Amino acid sequence: MHKPILQLRVELLHIEPLIWRRLQVPGDYTFWDLHVAIQSAFAWTDTHLHEFRPWGERDTRPRYGMPLDDCEDDPPLPGWEHRVADVLDLANPRLEYEYDFGDGWLHLVTLEDVQTAAPGRKYPRCTAGERSAPPDDCGGPGGYETLLETLADPGDPDHASSHAWAASQKGRRGAFDPEAFDEQQVKFANPAPRLKRFLAYLSSQR
């Protein structure tokens with residue numbers, strides 16, 4: 001029996017030209033699993049908080065993310081305990097995903113299709129996309145716009161160092177190319193060990 005596969009389009013908001021990825025993930029993926037897949041596809045460093053929430057309804061439930069302690073006034077539901085397919089369907093296909101509440105990287109997640117797993121094919125997969133995502137900690141959309149101006153100006157005294165820093169944030173050396181993206185180069189991290197480390201951290205704080 002072939003397992004269901006969710007085909008998702010993930011767009012980074014408030015950046016032009018558009019930065020996006022098309023992902024195919026197992027139908028039993030939790031929100032934690034999807035979070036790790038998005039981090040891999042955009043080459044984010046996964047060093048900040050995140051949250052999934054209903055599209056256009058930021059302050060309403062249900063929200064899925066990383067509840068840090070029992071003292072939060074309105075914590076999100078644990079993302080690792082809830083499946084994406086129980087929330088998204090083709091009649092209600094959109095979610096908002098925010099990564100790094102300081103920089104505020106907002107993404108639109110849209111369920112495009114529900115398919116069946118192809119025999120012998122590994123999932124998750126990234127099948128398409130355009131442009132590199134911004135480096136972590138560059139200050140959100142406004143900071144990234146300023147960074148791009150520096151990267152494009154060889155006469156700027158910070159030109160070379162900014163290229164080196166931005167590339168290093170993406171795990172690369174040399175110059176940072178904001179237009180570069182190759183879906184064949186996406187390597188997906190295993191969500192299980194990341195969850196184990198996070199849960200161990202939570203336990204140590206209690």
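The crossing of helices H1 and H4 is right-handed, where a crossing is called left-handed if the near helix is turned anticlockwise from the far one by less than a right angle, and right-handed if clockwise. In this predicted model, local features need pLDDT of at least 70 and side-chain atom pairs count only at pLDDT 80 or more, whereas totals for chains, interfaces and linings use all residues. Residues are numbered from 1 along each chain as its sequence is written, and side-chain values use heavy atoms, with hydrogens and water left out.

Two packed helices are described by the angle between their axes and the distance between the axes. Helix H1 spans residues 31-42 and helix H4 residues 191-204, and the two pack at an angle of about 115° with their axes 10 Å apart; the axes are lines fitted to C-alpha atoms, for helices over the stretch in contact, and angles run from 0 to 180 degrees between N-to-C directions. H1 and H4 are therefore roughly perpendicular to each other, given that angles under 35 degrees count as roughly parallel, over 145 as roughly antiparallel, 65 to 115 as roughly perpendicular and the rest as oblique. Trp32, Asp33, Val36 and Gln39 of H1 meet Pro191, Arg194, Leu195 and Phe198 of H4, contact being defined as heavy atoms within 4.5 Å. The residues of this contact divide into five nonpolar, one polar and two charged (Ala, Val, Leu, Ile, Met, Phe, Trp, Tyr, Cys and Pro count as nonpolar, Asp, Glu, Lys and Arg as charged, and the others, Gly among them, as polar).

A second pair is formed by helix H2 (residues 140-151) and helix H3 (residues 159-169), whose axes come within 8 Å and cross at roughly 125°. That angle makes H2 oblique to H3, and H2 passes H3 in a left-handed crossing. The contact is made by Leu147, Thr150 and Leu151 of H2 together with His159, Ser162, His163, Trp165 and Ala166 of H3, a set that divides into four nonpolar, four polar and no charged residues.

Trp80 lies in the loop between strand S5 (77-78) and strand S6 (94-99). With a relative accessible area of 17%, Trp80 is buried (buried means under 20% relative accessible area, exposed over 50%, partly exposed in between, with a 1.4 Å probe and protein chains only). When residues up to four places away in sequence are not counted, Trp80 touches Thr30, Trp32, Gly65, Met66, Pro67, Leu195, Phe198, Leu199 and Leu202. Trp32, Leu195 and Phe198 also belong to the contact of H1 with H4.

Gln7, placed in strand S1 (residues 4-12), counts as buried at 12% relative accessibility.

For the protein chain as a whole, four helices and eight strands are found; helices (H or I, at least four residues) and strands (E, at least two) are DSSP runs, numbered from the N terminus. Read along the sequence, these elements follow the pattern β-β-α-β-β-β-β-β-β-α-α-α. Buried residues make up 47% of the 206 residues, and among contacts between residues at least 6 apart in sequence, 63% join residues at least 24 apart.
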